[in-house]
Amino acid sequence: MVLFYVFIVLIPIVDFILKQCINKNIAYGDYVGTIFPFLKITNVKNTGAAFSFFPGGRYFFIAIAILEILIFLYVIFVRKNKDKWFLLSSSFIIGGAVGNLVDRIFYGYVFDYLKLSFFSPVCNFSDYFITTGAIILIIIFLLK
């Protein structure tokens with residue numbers, strides 16, 4: 001259960017620090033290469049959902065993120081789901097949602113900065129944790 005809290009706090013903090021560093025060092029729309037040939041660091045704004053779908057839905061996505069977080073917290077604390085894999089996936093999803101929620105509330109969009117050569121959309125640290133959490137959650141449901 002300790003890792004649950006650690007990830008919920010750590011994911012948005014690391015994401016925020018990365019976003020601040022990138023905003024200070026990379027011009028909007030520009031990119032830099034990394035030691036990994038498949039990864040570029042860029043600076044873009046995403047007003048939509050994952051993969052920039054549904055641009056301009058700021059308040060809708062804020063409401064969805066808050067609802068998502070509340071549902072997971074309800075299942076964990078009220079319904080008392082203590083399955084370690086469910087807690088891990090939930091902490092990834094909640095932590096990532098908080099990271100992107102902060103951007104939407106304070107900036108009106110989400111900062112994206114990780115561009116993979118084999119994956120078209122630009123994403124961020126929080127996005128990858130949300131995706132990983134969702135994959136773990138799907139596996140849990142498929143195995144039960």
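Which backbone oxygen lies 2.7 Å from a polar atom of the side chain of S90? Select S90 and F86: the backbone oxygen is that of F86.

Before going on, note that this is a predicted model, where local features need pLDDT of at least 70, side-chain atom pairs count only at pLDDT 80 or more, and totals for chains, interfaces and linings use all residues. Residues are numbered from 1 along each chain as its sequence is written, and side-chain values use heavy atoms, without hydrogens and water.

**Stop 1: S90.** Stay on S90, in helix 3 (residues 84-107). Helices (H or I, at least four residues) and strands (E, at least two) are DSSP runs, numbered from the N terminus. S90 is buried, at a relative accessible area of 0%; buried means under 20% with a 1.4 Å probe, protein chains only. Now show F4, F72 and I76. S90 is in contact with these, leaving aside its neighbours within four places in sequence. Contact means heavy atoms within 4.5 Å.

Stop 2: Select the 4 strands of the open sheet, which has the order 1-2-3-4 and antiparallel pairing. Two strands pair if DSSP finds at least two bridges between them. Strand 1 (31-33) and strand 4 (119-123) stand at the edges. Each has a single partner strand, so one side of each lacks a neighbour in the sheet. Next, pick strand 2 (residues 39-46): strand 1 pairs with strand 2 over 3 bridges. Find V32; opposite stands I41 in strand 2.

**Stop 3: back to helix 3.** Show helix 3 with the sheet. Helix 3 packs on the sheet and touches strand 2 and strand 3.

Technical notes
Buried means under 20% relative accessible area, exposed over 50%, partly exposed in between (1.4 Å probe, protein chains only). A polar contact is a pair of N or O atoms within 3.5 Å; within protein, one must be able to donate a hydrogen and the other to accept it, and residues adjacent in sequence count only if both atoms are side-chain atoms. Axes are lines fitted to C-alpha atoms, for helices over the stretch in contact, and angles run from 0 to 180 degrees between N-to-C directions.
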